[in-house]
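My notes follow the order in which I looked things up.

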Amino acid sequence: MFKPVSSKVSFPEVEKQILAFWKEESILQKTNEVRRDGPEFVLYDGPPTVNGNPGIHHVLSRIYKDVIPRYKTMKGYRVFRKAGWDTHGLPVELEIEKELKFTNKAQIEEYGIAKFNAKCRESVQKYLKKWEELTDRIGFWLDMEHPYITYHTGYVESCWWIIKQLWDRGLVYQGYRVTPHCPRCGTSLSSHEVALGYKDAEDPSIYVRFRLSRDVQNVETKALKELGWSVQSGSWEQEVPALLAWTTTPWTMTGNVALAVSPNETYVLAQAKSPQGTTERLIMAQALLDRALGSGNWEILAEFTGKDIAGLYYDRLYEPKPDFIPAGDKLPQHSRAMTADYVSVSDGTGIVHIAPAFGEEDFDLGKVAGLPMVQSVDLDGKMIPNGKAWDGKFVKKADPMILEDLEQRGILHHQEKIVHTYPFCWRCQTPLLYYAKPSWYIKTTAYKDEMVSGNRDINWYPDYIKEGRFGDWLEHNIDWGLSRERYWGTPLPIWRCGRDPGHMECIGGIQELKSKPGVAGIVEPVDPHRPFVDEITFDCAKCGGQMKRAPEVLDAWFDSGAMPLAQFHYPFEDKAEFETRFPGDYIAEAIDQTRGWFYTLHALSILLFGKPCFKNVVCLGHIVDAKGEKMSKSKGNVIDPWRIINNQGADALRWYMFTTSPAGNPKRLSVDQVNEAMRKVLSTVWNTYSFFVIYANIDQFDPVKAKRPATTDELDRWIISELNQLINEVDKAYTNYDPTEAGRKIEEFVDYLSNWYVRRNRRRFWKGENDTDKLSAYFALYDCLVTLSKLMAPLTPFLSEELYQNLVKAVDPHAPESVHLCDFPVADLSKIDEKLEADTRLVMKVCSIGRAARSKAGIKVRQPVARVIVRTRAKSEQESLRCLAAQVLEELNVKALEFAEPDADLTGQSCYCTIEDGGCVVAVPTEIPADLIEEGIARELTHRIQSMRKEAGFEIADYIVTYYQAEHSLQKAIESQSAYIKQETLSKELLNQPPAEGVFSQKAKIEGREVTLGVKRVGG
């Protein structure tokens, strides 16, 4: 006997019971015991940053990491699935800063780095428990008892070893370059971090006059004479012209040292009406005159190329203090125009202002041209005092003050607003500044070709990411900005001599550090974090000076990219374990990780080992709300995953996320959509399961002891054929890392099973005798449910376990302990009948059209009609329908099936209602004979009695006595159809009398006529 199953179910409660079973029986641990002799399949768990509670988007990536390993286990693989937690970096620090109400780094240092980092450690430990709880509850099977955690000493030491390998090969260097800098966080960001934070922003769009100098005695340029300079008099003969430049960052004007023009573009001297109502002479690109000055507001006086005007002197807008100019550079008397190939004439004026301290291209141009650098902004993003109104202001707040100053001095030509894409810190949402400063880099550009080549060996799902988003990122790779001027992270393992900063050493491990001459400051056990590691010094091998650690920490993305090695504490421990599990077989994360974790994994692996570290990657689209908008707290459209898990269940959420759209597409999510997915599939499976158990228990069907009969019934052969076809399709989908396709194929089969096979076969299960026909139906439905439990196991592990435990383990003690310890089903090709499948689907289509025709005619489904006329697309389809005519007749509740010739016109026939779909036409009569009307009444009455049986709490197999009282026309119909009514309702008697006292009774209307009904259990 199977455990009784109610049609009413709470999936969350079922899942809690299954979770308890898995834990009590150590099912996860047993998967590797069962598969110990199988090949290994290695999952690399991309470590989530545990700086807060996990969100709904984290569920998506975690279930995708789970589904393939579950499938591989059932295919005979021993799966390595070590949990990982990313615990370093800015996200964690910002959480603590918020808690302590800190707004800058100075407050952290005043508070104490040791205390601050201790709080960071406590924070991640607290959130880690939340992550473990969610991971467990959604059925993501991971080894969380032996995780890798990035703040652990062994993990940090492996990161040091990696840096040492790169250092020894000359791939780590410190460069004075312009880096994307977050003034709020006080640190640089890598290019892949910058890529995560772009958004639209409104900024000033300003056009500024740079007046040519009155002293151009030493200028040699072809344009000078045409611009109005007299060599004889050594002065300007007319009003001094101005170079008109454009920018969206007014604050950078305080660091201007040059202007750049395109060498071969056409520039003009134009006489123009100024916005202030005067006439002036301006130099700019010809192609942009209308856009910058307005149509009809200018006249060309002379034309030049960019080369012709290179070398012109202009008056600087602002004179910096001497200490604004680092590295001993000196500012020349005049600033000048120069050519640069990157200048375009697509926007602005074709003249770009150059501030080497605030732009990468500006910086590079300055190095080539020998330009000085003016650093007028500090690392907090505030204007360094220079006796101006904006002294000490954040750059964006300084903009309007600078504009006011330029306008008062007649330098601002005009200003507008522009909405453009601008980089923001992806963690704190502060606008980034491009800022020249020293940073540490990994020379990834030296291995660009190898990274591009290695990518060809990776299987990407979806495949367009390979050459698209990821491939493009590799093609345009720049050196990896590795260092962060922060606190809670893996310390950069580079020590520098205090006597000669050019003497540097990179340390590759703790023992190496301990072995250094004159080492001091080591406290056991060694904590490799700041500030403790900062106190460790040793003697310089070159000059005897004291070596102190460079203060920076590593980019937290480095930690995550190091996980293939560091999770094993390689090379200090478990070298063989690493080598057998490298490269990994599978990773999965969201699409933004193409420039994050996917990139850092790939870059480090290529640099260290010359090959990729992962073979297969599923790249996931983002989750958005039901309207397609990004979820955010400010919009109030964020969905707490626990809300769905506690109400609909983890399986419902998993199923929806797997099947709503392919992996790489955005996924719209709402509670209602998850509910619909649960109702459509999971509840349908459950109801089918409940139906089977109820009748199997009534008939004491035992799939182990019963002798399986030969399958001859058309519906049985059809559903078993569909089942074996399904096994092939689902197996192929999982193999292709496509759980979406697997789920959709299962969903289609579930619909066939419930809404066609079970519905068409109810009478076979209801009938009293336990004959071969009923046994065949039981075995067919049983096989479908058990196989479904295995096919769905990777997608919906809880529901699958419930079905398996009751349908298999409860009756067969020798069966595997869990569905997740079973082998994946193998299709029996001999049972696939593609013609029967096609014929049955044709029947379904005809019946669907026929039901639509009945509905159009206003004829209820329970009302029999005399005939149905079908016009098919070909004669062969007629033959198929004739073979399965019984299904059409019963489904459409008609007495006869007739066929029209393929060219017959059925639409014009009177007394028929006709529907056409895809070349197939079905017509049903609208006139119904009296005897069929009586039969329809009997069916309505039967349906009403069946509902009353359920409401009265009767069991399905209970026999009853039915009472009725009705007017004459209804009474006549009941009497003529009494045998049918008694058989369908298990009525021993059908009594035309008032219900006895205590009998469950109701009044109802059948075809508008009143009837009183009563039902009484026999013997009750």
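**Strand S7 and its partners**

I began with strand S7, residues 198–211, and found that it pairs with strand S18, residues 412–423, in the antiparallel sense over 11 bridges. I kept in mind that this is a predicted model. I then looked up Tyr198 and found its bridge partner in S18 to be Pro423.

Next I turned to strand S10, residues 242–247. It runs antiparallel to S7, and 6 bridges join the two. Here Phe210 stands opposite Leu243 of S10.

**Ala201**

Is Ala201 buried or exposed? It has a relative accessible area of 12%, and buried means under 20%, so Ala201 is buried.

I also checked what Ala201 touches. Leaving out residues up to four places away in sequence, I listed Ile418, Val419, His420, Tyr422 and Phe424. His420 is 219 residues from Ala201 along the chain, yet their C-alpha atoms are separated by 5.6 Å.

**The cores**

I went on to the largest nonpolar core, which has 151 residues. Which of them touch the most other members? I noted Tyr64, Leu669, Phe692, Ile746, Tyr757 and Leu807. Helix H22, residues 671–698, gives this core its largest share, 14 residues.

I followed up Phe692. Not counting residues up to four places away in sequence, Phe692 touches Phe2, Phe701, Tyr778, Leu781, Tyr782, Leu785 and Leu807.

Last, I noted another core, lying apart from the largest one. It has 74 residues, including Leu212, Val240, Met373 and Ile411.

How values were computed: Residues numbered from 1 in each chain as written. Predicted model: local features only at pLDDT ≥ 70, side-chain atom pairs only at ≥ 80, totals over all residues. Heavy atoms only, no water. Pairing = 2+ DSSP bridges. Helix = DSSP H or I, 4+ residues; strand = E, 2+ residues; numbered from the N terminus. Core = buried A, V, L, I, M, F, W, Y, C linked by side-chain atoms within 4.5 Å. Buried < 20%, exposed > 50% of the residue type's maximum accessible area, 1.4 Å probe, protein only. Contact = heavy atoms within 4.5 Å.
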